[in-house]
Amino acid sequence: MGLVNWGRPTDRPMAKEMAALLAGAAAIALCMPAAKAQQATQPAADQQSDQTKKTDQKSAGDSTLLDKILVISRTGETAIQSLASASHVDKEQLERRMATTPNEMLLGVPGVAVQADARRVSSSINIRGLQDFGRVAVIVDGARQDFQRSDHGTQSTFYVDPELIKSVDVIRGPVANTYGSGAIGGVVFFETKDAGDFLKPEESWAASATGRYETNGKGWTTSASGAYRFNENWDVLGNIVYRDYGDYKNGGGETVAGTGFDVLSGLLKTTIRPTENSELKLGWVGSKDGWTETSGGVPANDVDLKSNTFTARYNITDDAKSWLDLHIKASYNKTLLDLTTLVPQNRFDPTTGLPVVLPAGSLSTFDVGTTGIDIWNTSRFETAGIAHELTYGGDWVGDDVETGGTAGGDSFYTPSGKRNVSGAYVQDKLTWEWLEVITGLRYDNYSLKDSEHETSGDRLSPRITVGVSPFESADLAGLQFYGTYAEGYRSPSLTETLISGNHPAGVTFPFLPNPNLKPETGKTVEFGVNYKQNDIFEGGDALRLKAAYFNNNVEDYIDGVTLSAFDPTSGCPFGPGIPICFQYQNFAKAKINGFELESVYDAGWGYAGFSASIINGHTISYEGERADLATIPSSQVTAQLGLRFLEDRLTVGGEVQYNGKPKGNPVAKDYTLVNAFASYQATDNLKLDVRADNLFDVKYTNPLNASTTAVLYEPGVTLKLAATMRFGG
């Protein structure tokens, strides 16, 4: 775990040629006689809505992002209907952001931040100041992403290409405990594209190609998609994406070494409808990533990462049988990272702590497999005039971690082992006129072990939410207040429990395992308001607003601590190197509170959005000592504005985001980012996009990287240009 920077991969001329060909094809299309311009569909928030709808069919009732049904919802709610802090990002919004990384996909979502070191495509999501080791459940098409590698930067990382994603749902806080164990911070659910999203109703096949160039890092993206509809009950979609990016420059004009990468990603997905009321989705998402790690500006390690996710999802819903809304999901995610040393490196033996030389060509491997099963059903019925939506189910996730390699290599510090986490729950949503009540109870159980240690635990976690809509007047009928108390339970991870050995580079000191770690328990109180109103200033416009205050007490919070060998009560022995030890230990609690706001106004001429989040947090030891929590992100205020022209074929707009320094962070500063974009649907077959990120070339760093060994500055001004050609029949 020595000082490491992440280097640029080998150039790939073939990828640049492919991108140039696609861009050239788009340019040729511009010179062709203009076809009848496609009527662009009505955007929602900062995007267009489903392409199958005509502009003149817009309904204010479903015109904004907050009105989109949450894919993650188990009762078919939209974000504005949810008595929880929920957000939705959909396909057109992702396309307008021209996202390269998960961080760009989640821009402006309140309470959410993304930490990524120089490996920009591998990210760790932070919700309300909580991240890593499963505190935030990251799910792709129902598959948990649990890859973890011990390092100075991000711990639990995942990669999914934005080109493959059609929507992102976020639920903040432990109210998300029906979506899996451990999510005391929340859940982020990435849904990949379907053939039904790509094919028009009259088409049996369609294909598209996209070429994109980014000025900062001279990055090329090429993407190709194809879909086929065999019949009305069976379709298939395939997508392949290749990215080749060099090292970017920060806002000061300095090249940030190690930020280049090349990645090949793919998607294959089929949807089968065996009966009128049932649906089966089978999917594969994969990626192959490569980069070079550098140390002191010198290439040190060559890294290859392969990730494959397989999913199967079946649901049957019968309107004639209100008790039946059954969903069955099975998934397997396999991530394999190979790290090969390029030059001899001075290290320390993990067992003895004595100096050793790690030869060039030494291999370290990280092999993480995650298997998951999730089954639930919702029954709808009525008793004494009260409507019930009773959801009950269970889930199981198993992590199998195998690491290995040459002594002194990095893999020694990510322990091998197995962890099983399972749970069952019941939740009832009761609705009576102006009153909604949600009660829930979840049972969690976990066990983890390696060759020397084994530990387990279980717990019941309750939830109760009360929502009221007290007003009947036209202006206030859409105003709803709610209050929630919810608990969540996170088991310790394999690394937190079992990490051992001596620090490998720089200086040496022991890591101590801690099989006696207690699980974390998140206890959150939240008060929120939802508001929706249509036809405010003109016919067809819409206003949506969600706001919430939360207070989360995470009992027995786990964090790394430094122990002194001079303290006889610490358990830290004297040995080679400096007289300290590192160990994950429980704190009495972490206290986190904050405020979140998300709002959007949508009308025929355009849209305006505003979001904000303020988060504060600290830990308290069992002795009562208080310390700032290093994972608290910047407070953020984000404003968005989009204007529509040429019968909605052209949309132009921008985003402004202010980021305030978290308390006690040694590297963070206040900064403001300005972005601008334009999207033009030139013909039925051609779409052009342009975007400028960090328009004023601000030099800034993500405060979540404060715990890393070196300050990493984010990209400066970046201009993105893209053309997409589509055909179908």
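Here is a short chat about some strands and cavities in this structure.

User: What kind of model is this, and how are residues numbered?
Analyst: It's a predicted model, where local features need pLDDT of at least 70, side-chain atom pairs count only at pLDDT 80 or more, and totals for chains, interfaces and linings use all residues. Residues are numbered from 1 along each chain as its sequence is written, and side-chain values use heavy atoms, with hydrogens and water left out.

User: What makes S5 and S6 a pair?
Analyst: Two strands pair if DSSP finds at least two bridges between them; strands themselves are DSSP runs (E, at least two residues), numbered from the N terminus. Strand S5 (residues 112–115) and S6 are joined by four bridges, so they pass the cut-off. They run antiparallel, and Val112 has Ile127 of S6 as its bridge partner.

User: Which way do the residues of S6 point, and are they buried or exposed?
Analyst: In strand S6 (residues 124–127), Ser124 and Asn126 point one way and Ile125 and Ile127 the other. All are buried, meaning under 20% relative accessible area, with exposed over 50% and partly exposed in between (1.4 Å probe, protein chains only). In a regular strand the side chains alternate between the two faces of the sheet.

User: Why are S26 and S30 said to stand at the edges?
Analyst: The open sheet has four strands in the order S26-S27-S31-S30, with mixed pairing. Strand S26 (501–502) and strand S30 (558–564) each have a single partner strand, so one side of each is left without a neighbour in the sheet. Seven bridges join S30 to strand S31 (residues 580–586), and the two run antiparallel. Gly560 stands opposite Tyr584 in S31.

User: What makes something a cavity here, and how many are there?
Analyst: On a 1 Å grid over the protein atoms alone, a cavity is a set of points where a 1.4 Å probe fits but cannot get out; lining residues have an atom within 4 Å of a point. The structure holds 15 cavities of 30 Å³ or more. Volume is the space filled by probe spheres set on the points, which are joined across faces, edges and corners.

User: Which residues line the largest cavity?
Analyst: There are 41, with Asn103, Glu104, Leu673, Tyr700 and Glu714 nearest its centre. S5 gives the most, with four residues.

User: And what is the volume of the second largest cavity?
Analyst: About 640 Å³. Of its 34 lining residues, Lys91, Glu95, Thr210, Lys687 and Thr724 are closest to its centre.

Technical notes: 1 Å grid on protein atoms, 1.4 Å probe; cavity = no way out; pocket = protein on both sides within 12 Å on 5 of 7 lines; lining within 4 Å.
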